[in-house]
Amino acid sequence: MRASGILMPIFSLPSPYGIGTFGKAAYNFVDFLKLGGQSYWQILPIGPTSFGDSPYQSFASFAGNPYFIDLDLLIKDDLLTESEIKACDFGDNTAKIDYEKLYNNRYPLLKKAFRRFKGNENYNTFIKENDTWLNDYALFMALKSANGGAAWYTWDKKLISKDADVILKAERDYIDDINFHKFLQFEFYKQWSALKDYANKNGVKIIGDIPIYVALDSADVWANPQQFQLDDDFTPRAVAGVPPDAFSEEGQLWGNPLYDWNYMKQTGYTWWKQYLGHALKRYDVVRIDHFRGFEAYYSIPYGDKNAKRGKWIKGPDADLFKTFRQQFGGDLPIIAEDLGVITTAVRKLLNFTGFPGMKVLQFAFSGDSENPYLPHNIIKNSVVYTGTHDNDTIMGWLENSDANTVKQAKDYFNYQGDSGFNWAMIKAAMSSVADTCVIPMADFMGLDSTARINTPSTLGENWTWRIDGGCINNWLANIIKENTRLYGRYMPSPEGEGVEQSETDEG
């Protein structure tokens, strides 16, 4: 069935408190999607972020980002007061996130809420149902605080190796901080579950995004070092990345620890089954980043300054997905991020799984008419995008691409105008035969490069874009609905669900 959706990060939603949350603006965005006849809301990973604020480098794969806990909802629960929140400085730039101010001001507020929290049956149930990861995560975060935020592999050796007596003492010494982080996860998942339920009741499914790799400085690696390629002193033997190509002479050095796939296979891929199972509960559809890494992964010697000396090593390939089928059933709701140089072996794996791959129109206008991203070459079992979080906006791409690429795109679309090029590309995506079409919110709005979410291999200005509340409005939703209906992707909403679309304000 043909359908469409919008890519919009949680952190980019409007909010008077410095960053998007699971509060009013998120519910208004669901109403916006419903009015626009959209079937999907695609978001970026929602785990707690580490240095650089990238959602793809998280302190834990199973935990949620405390920044997304809505403060107004804590007021409703009598855990905070309006005056306490208004006394905090979250920054005055409504177009950009100031992560330093968030870190310095949000956590003291959340600790006030924690001290007023009395606990209840729902909290106790949450703790029991999530004990496979929550205890390790809360202890990990408490130990990070006790060690001044330092990475776990720099801690005392007995903490690194998790000496039983030392860990028992730490659990006693830091019990208050441990419980604080459990409280944060309870509030995160309570608010997230309510938002997801609201979306589902209004005919909107959530496409979540999970990174294939975890961060080295994470509860995942500290608690489960045997799952990764580490030496006896817990130093990585090799790390992840991608090789040099036309876009990068040195390749990309991501620095994530690599999985010990031989060990994982011996354990029946238990860790990965838990990871994917958690994601399938958290989202309706799961996009797996860097899907090709399952067929073969790029291994870079630890300590190298770039990716030049890396080599491809065979991964678990179809064996992992056979295990997933046994665990979760046949037709898994997964989107495979299969961008980049894709080999015959990777295509074979993709065909085996039956998962739809991704087609990005910004990649279509180089080469000849055989380019697989051109609309006439797109296949039905795929998800078509104008761009992703790693791409420029359409209007930024138009301004920054070379003249030949732009000319080819304009000729292809038979575009003759001086404005509205974003709609030419959006219409091409919507009219394609791809089962699903997902358009970034910034492209619907026709924004330039200032709305770009991420520029790969750079630091400093990424993951900060925020939308103005007035842009989530009936006028734009109706335009989206008209085009969605025109190209056979319109999804009528459930009758009698939701509320009348209302504009989100900044305060």
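Predicted model: local features only at pLDDT ≥ 70, side-chain atom pairs only at ≥ 80, totals over all residues.
1. Start with the empty space. Rolling a probe the size of a water molecule over the atoms shows where empty space is left. Here the count comes to five cavities of 30 Å³ or more.

2. Look at the largest cavity. Its volume is about 140 Å³. It has 18 lining residues, and S58, A60, S61, P211 and Y275 are the closest to its centre. Two elements each give two or more residues to this lining: β3 (205–210) and α12 (270–282).

3. What classes of residue make up the lining of the largest cavity? Twelve are nonpolar, three are polar and three are charged.

4. Now take the second largest cavity. It holds about 100 Å³ of space. Its lining has 16 residues, and those nearest its centre are T388, T393, P440, A442 and I453. Helix α18 (residues 441–444) gives the most to this lining, with three residues.

5. Turn to strand β4 (residues 238–242). Is this strand mostly covered or mostly open? It is mostly covered, with five of its five residues buried.

6. Which strands does β4 join? One is β7 (residues 296–301), linked to β4 by three bridges. The two run antiparallel. In this pairing, A240 stands opposite S299 of β7.

7. Another partner of β4 is β5 (residues 252–257). Three bridges join them, and they run antiparallel. Find V239 in the structure: it stands opposite P257 in β5.

Terms used:
Residues numbered from 1 in each chain as written. Heavy atoms only, no water. 1 Å grid on protein atoms, 1.4 Å probe; cavity = no way out; pocket = protein on both sides within 12 Å on 5 of 7 lines; lining within 4 Å. Points joined across faces, edges and corners; volume = space filled by probe spheres on them. Helix = DSSP H or I, 4+ residues; strand = E, 2+ residues; numbered from the N terminus. Nonpolar A, V, L, I, M, F, W, Y, C, P; charged D, E, K, R; others polar. Buried < 20%, exposed > 50% of the residue type's maximum accessible area, 1.4 Å probe, protein only. Pairing = 2+ DSSP bridges.
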